[in-house]
Amino acid sequence: MAMKRRTTILVALGLAAAVLILFWKPTVLIYGIQQAGLYAAIAIPMGLVLGIVHIVNLAHGEFMMVAAYATYFACRATGMDPLVAALPTAAVTGLFGWIVFRLTIRKALKAPELNQLILTFGLGIALSQAVNILFTSQTRKISLDYVSASVDIGELSFGVWSFVFVAVAILYAYGLKLFLTKTTAGKAALAVGQNPRGAAIVGIDVDRTYGLVFALALALVGAMGALFLTKSAIFPGVGGPFTMKSFCLVAVAGIGNIPGILGASLLLGLAESFLRAFRDLRGWADIVFFVLIIVVILGRSIKWRKS
Amino acid sequence: MNRNLSRALAALALAVAVALPAFAGAYPLQVARNIIMYMALAVTWDMLLRSGQISFGIAGLFGLGAYASVLGVLRAGMPAWLSIPFAAVFSGLVALLIGFLILRLRAMYFSIVTLALAEIFRIVIHNLHDFTGGPEGVVLQGVIFGGDAGKLYWLALAGLAVALGASWWFENSRVHYALTAIRNNETSAKSSGVNIFRWLLVAFVVTSSIQGLLGGIYVQSYGFATPESVFDANFTLLPLAMALLGGVHSTVGPVLGAVLLGLAAEWLKLKIPYGHLVVYGVIIIIVILFMPQGLLGQARAATRSADKRRKA
């Protein structure tokens, strides 16, 4: 119930901000929404892992970076379009995630929470630095024609390609919701997330479910890595900032509340886009996330103490 | 027996550290300075960890200290030597202020907030163009001591001495009992009359001001600061890996880890110019998975089982 209310509040705030900005500077609104889509599509898989496996994966962004590199070289070798490569990349990243989970994270699940945090922190460094060794820190980009497609409405002209991120974010959020409530595997995952011991008692293989959920989340991130490549240049450190931002969004939405991530992303995407609209404030746009995460965590801690 | 051995080893380490400038050239001294700095950071990180709180924000307080020192010299006309303790005081004060807010948080929430704070410090410094020099950073008139390699080495060693001294104080005073009690079980610590918040604040402020001090020493030894150089994530990452490898909750562990990893990294830097840091990531993973007590813990377990065998 509290979850639903928070989602409603977030969406309402986001919409109110959107309407205000629409009358002031429509491009700010459009780019804000596109940015929000990108953030949400990357954050949703992290929300899935955090909600069910209960670990904060500090290597989240690095996994996306690795998927983007894999797509880059696959496309270079075969002349494939990154868009076509998204599905195979998702499968490969999912498998990779499953292996990583079996070899490392599974063994730390029973350890104190902080060990898991440090473990995934180490995984992130190992991944980004391994890419650094193999391919150096040179930026790489695939230029595609359709990315620069734009639309003119009256005096307004804006790029439309990035709306694909918005579509993917919505697809992820509602696809996962359907998966978790309508399929047997999804229901089992949800049960494990709520109470692992209880789930084990009724005969669900908890260990296997964790592995599958982690692999599924990485497959989703992997597909985003391929899509990310269509739009942006990549380098070994490109994923890092998304880890923090994703965690921030998941924390704002509330752990386990996947549709809420859409609302939180909208709010943050618009706030960033709003600050970027002013020349003097542009450099401060990055700070929004970090201030918000601290405010949210501190706000929660005060609420916890009251209850 | 064991105590005598460890005293002998400590004396040997001290002798090596003191004698080093006499026979080592500029390059080995520079490497030693780096290792000493990371060692001191690793010790301070571990000092806070003894209360059970994991900070991911070392780079933030280190960078703040570095900027406090540089700007103290450039904007307030401080002499270089004075700017270093000023850096410590500044980072300590900032830690005191934010400590009141964030030391109520536990576990991953504390860790994430420290990481976010480090980013906030970096962005603020990055954006206050007129005062901090913005993204291009600031350059000092000259390096402290005119860049004399020997003196810079002594300065770094002095920073390490402060960290080790504080760590020794933490280990051999009431602080030790307070922090260990908080780490083991906060509820029982509280019911035994430990003022949890106060001790955490003491630990956080002391470790942060030492991190600021080290930032001041670092920046005065190199003569320039940019947001990207002094808030580099490596200042968080390397000490963390060093302390974990050596063994946490002690002074010896981080020191041992720093020597091993510091030398290894220097060697790898020559072999693999890009991405030698992968070693740190891999070491963190291996240590967490296979020896959560670090090398020191492994050694302790080994001697314990050897003792048992001798007795049997």
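**A tour of chains A and B**

Select helix α13 (residues 252–271) and helix α15 (residues 294–311) of chain B: their axes come within 8 Å and cross at roughly 115 degrees. Axes here are lines fitted to C-alpha atoms, for helices over the stretch in contact, and angles run from 0 to 180 degrees between N-to-C directions. Helices are DSSP runs (H or I, at least four residues), numbered from the N terminus. α13(B) and α15(B) are therefore roughly perpendicular to each other (65 to 115 degrees).

This is a predicted model, in which local features need pLDDT of at least 70, side-chain atom pairs count only at pLDDT 80 or more, and totals for chains, interfaces and linings use all residues. Residues are numbered from 1 along each chain as its sequence is written, while chains are lettered from A and ligands numbered from 1 in the order in which they are written.

Next, select Val252(B), Gly253(B), Leu256(B) and Gly257(B) of α13(B) with Gly294(B), Leu295(B) and Leu296(B) of α15(B), which make the contact (C-beta atoms, placed from the backbone, within 7 Å).

Move to chain A and select α7 (residues 184–194), where Ala188(A), Ala189(A), Val192(A) and Gly193(A) are buried (20 or more other C-beta atoms within 10 Å of the residue's own). Seen down the axis of α7(A), they fall within an arc of 140 degrees, so they line one face of the helix; the arc is that of the directions from the axis to the C-beta atoms. On the other side, Thr184(A) and Gln194(A) are exposed (12 or fewer such atoms). Show α2 (26–52), α6 (163–182), α8 (196–201) and α9 (206–231) of chain A to see what the buried residues of α7(A) pack against.

Finally, show both chains: 32 residues from chain B and 34 residues from chain A form the contact. On the chain B side, α5(B) gives the most, with 14 residues.

Definitions and conventions: Contact = placed C-beta atoms within 7 Å. Helix = DSSP H or I, 4+ residues; strand = E, 2+ residues; numbered from the N terminus. Parallel < 35°, antiparallel > 145°, perpendicular 65-115°, else oblique.
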